[in-house]
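Here is a short briefing for a first look at this structure. Keep the sequence and the model side by side as you read.

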Amino acid sequence: MSNGWELSAQAWIDSIGERGDWAREHVLDPVMLGRVTAGRFGRALDVGCGEGRFCRMLNAAGVAATGIDPTGPLLEVARQRDPSGDYRSGNAEQLEFEAASFDLVVSYLTLIDIVDFRKAIGEMARVLKPGGSLLIANLTGFTSAGAEQGWVRDDAGRHLHFPVDRYLDEFPFWFEWEGIRIENWHRPLAAYMAAFLESGLYLTFFAEPGPISGDAAQQERFRRVPWFVVMEWRRPSVG
Ligand SMILES: C[S@@+](CC[C@H](N)C(=O)[O-])C[C@H]1O[C@@H](n2cnc3c(N)ncnc32)[C@H](O)[C@@H]1O
């Protein structure tokens with residue numbers, strides 16, 4: 001069954017623009033790019049690259065990026081916007097690359113989209129070189145557990161609180177905004193952590209980033225709810 005990405009591709013492209021959506025621009029990009037520039041990576045794989053924005057940012061930072069994504073219309077735009085780039089059709093659960101191919105593997109808000117995330121994390125770890133990094137930005141389980149319902153508001157539209165429910169379960173839900181309608185997955189944080197640990201990786205960076213700029217009311221909302229987690233996991237060096 002479709003996860004909604006093919007039908008939502010144009011709305012996604014329109015909403016993301018070149019600067020990214022609000023959360024990418026004001027919350028996530030600064031942390032993600034900070035890890036990239038701190039790492040001196042040569043070759044990177046962006047898993048679930050979408051229309052290629054972060055691959056272009058990696059290339060601009062001097063890291064040679066390959067992007068993979070299963071959604072054809074997003075890949076087409078990635079190739080149009082970066083004709084000399086390397087964009088391939090593929091799924092995270094079965095990567096076409098040989099073991100130990102990349103210094104850096106990125107998953108930028110894609111784990112929540114991937115059905116078999118345990119297999120995908122195993123694959124991302126497999127294609128990492130020894131000493132290489134797996135850089136993850138993900139929606140937190142605290143948020144995905146209530147994302148379908150979203151903010152509870154009062155009659156005047158003021159944001160009262162954000163619900164959390166069925167936290168320890170794993171379940172899919174449909175998420176809709178700005179003409180985009182996609183299926184995402186809720187999983188508790190421990191499920192992801194166990195998958196990284198079972199793939200033989202160790203954690204070198206962990207953040208729950210908040211906004212560093214942007215509209216004040218929006219900043220306040222992004223401080224009240226723990227939307228994102230950024231983690232860097234490393235594959236041990238040999239010897
Ligand atoms: C929220 S978008 C993020 C795109 C991009 N990383 C960004 O931050 O702009 C999620 C992406 O995951 C992709 N995706 C969905 N299922 C996937 C899978 N099984 N393997 C890899 N990517 C997948 C979608 O096609 C979509 O491009």
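Tryptophan 227 touches Asn138, Leu139, Thr140, Thr143, Trp151, Phe162, Arg221 and Phe222, leaving out residues up to four places away in sequence. The model is predicted. Tryptophan 227 sits in the loop between helix 8 (216-224) and strand 11.

**Tryptophan 227**

- Is tryptophan 227 buried or exposed? Tryptophan 227 has a relative accessible area of 16%. The cut-off for buried is under 20%, so tryptophan 227 counts as buried.
- Glycine 141 is 86 residues from tryptophan 227 along the chain. The C-alpha atoms of the two are separated by 8.5 Å.

**Arginine 35**

- Arginine 35 belongs to helix 2 (residues 22-39).
- Which residues does arginine 35 contact, leaving aside neighbours within four places in sequence? They are Phe41, Leu135, Phe205 and Glu232.
- One of these contacts, glutamate 232, is 197 residues from arginine 35 in sequence. From C-alpha to C-alpha, arginine 35 and glutamate 232 are 8.0 Å apart.

**The chain as a whole**

- The secondary structure comprises 8 helices and 11 strands.
- The radius of gyration is 17 Å, close to the 18 Å that the globule rule gives for 239 residues, so the chain is as compact as a globular protein of that length.
- Along the principal axes, the C-alpha atoms fill a box of roughly 60 × 40 × 40 Å.
- Of the 239 residues in the chain, 53% are buried.
- Take the contacts with a separation of 6 or more: 67% of them join residues 24 or more positions apart.
- The chain exposes about 11,200 Å². Carbon and sulfur atoms supply 51% of that area.

**Helix 7**

- Helix 7 covers residues 189-198, and its buried residues are Ala191, Tyr192, Ala195 and Phe196.
- What do the buried residues of helix 7 pack against? Their partners are helix 5 (117-126), strand 5 (128-139), strand 9 (180-186) and strand 11 (228-234).
- The face turned away from the buried side carries the exposed residues Ala190, Leu197 and Glu198.
- Glycine 200 follows helix 7. The phi of glycine 200 is positive, near 85°.

**Strands 8 and 9**

- Strand 8 (residues 171-177) pairs with strand 9 in the antiparallel sense, over 7 bridges.
- Phenylalanine 171 has histidine 186, in strand 9, as its bridge partner.
- The two strands form a hairpin with 2 residues between them.
- Glutamate 178 lies in the loop between strand 8 and strand 9. In this hairpin, glutamate 178 takes a positive phi near 45°.
- Is glutamate 178 buried or exposed? Glutamate 178 is exposed, with a relative accessible area of 62%.

- Most residues other than glycine have a negative phi.
- Glutamate 178, with phi near 45°, has a positive value in a residue other than glycine.
- Arginine 166 also has a positive phi, near 50°, and is a residue other than glycine.
- Where is arginine 166 found? Arginine 166 is in the loop between strand 7 (159-161) and strand 8.
- Arginine 166 is partly exposed, with a relative accessible area of 46%.

**Cysteines**

- How many disulfides does the structure hold? The count is 0.
- Cysteine 49 is in no disulfide, and the nearest cysteine sulfur, that of cysteine 55, is 4.9 Å away. A disulfide needs the two sulfur atoms within 2.5 Å.
- Cysteine 55 is likewise in no disulfide, its nearest cysteine sulfur being that of cysteine 49.
- Cysteine 49 counts as buried, at 7% relative accessibility.
- Cysteine 55 is buried too, with a relative accessible area of 0%.

Definitions and conventions: Residues numbered from 1 in each chain as written. Predicted model: local features only at pLDDT ≥ 70, side-chain atom pairs only at ≥ 80, totals over all residues. Heavy atoms only, no water. Buried < 20%, exposed > 50% of the residue type's maximum accessible area, 1.4 Å probe, protein only. Helix = DSSP H or I, 4+ residues; strand = E, 2+ residues; numbered from the N terminus. Contact = heavy atoms within 4.5 Å. Rg over C-alpha atoms; globule rule 2.2 N^0.38 Å. Areas by Shrake-Rupley, 256 points an atom, 1.4 Å probe, with all protein chains shown as cover. Pairing = 2+ DSSP bridges.
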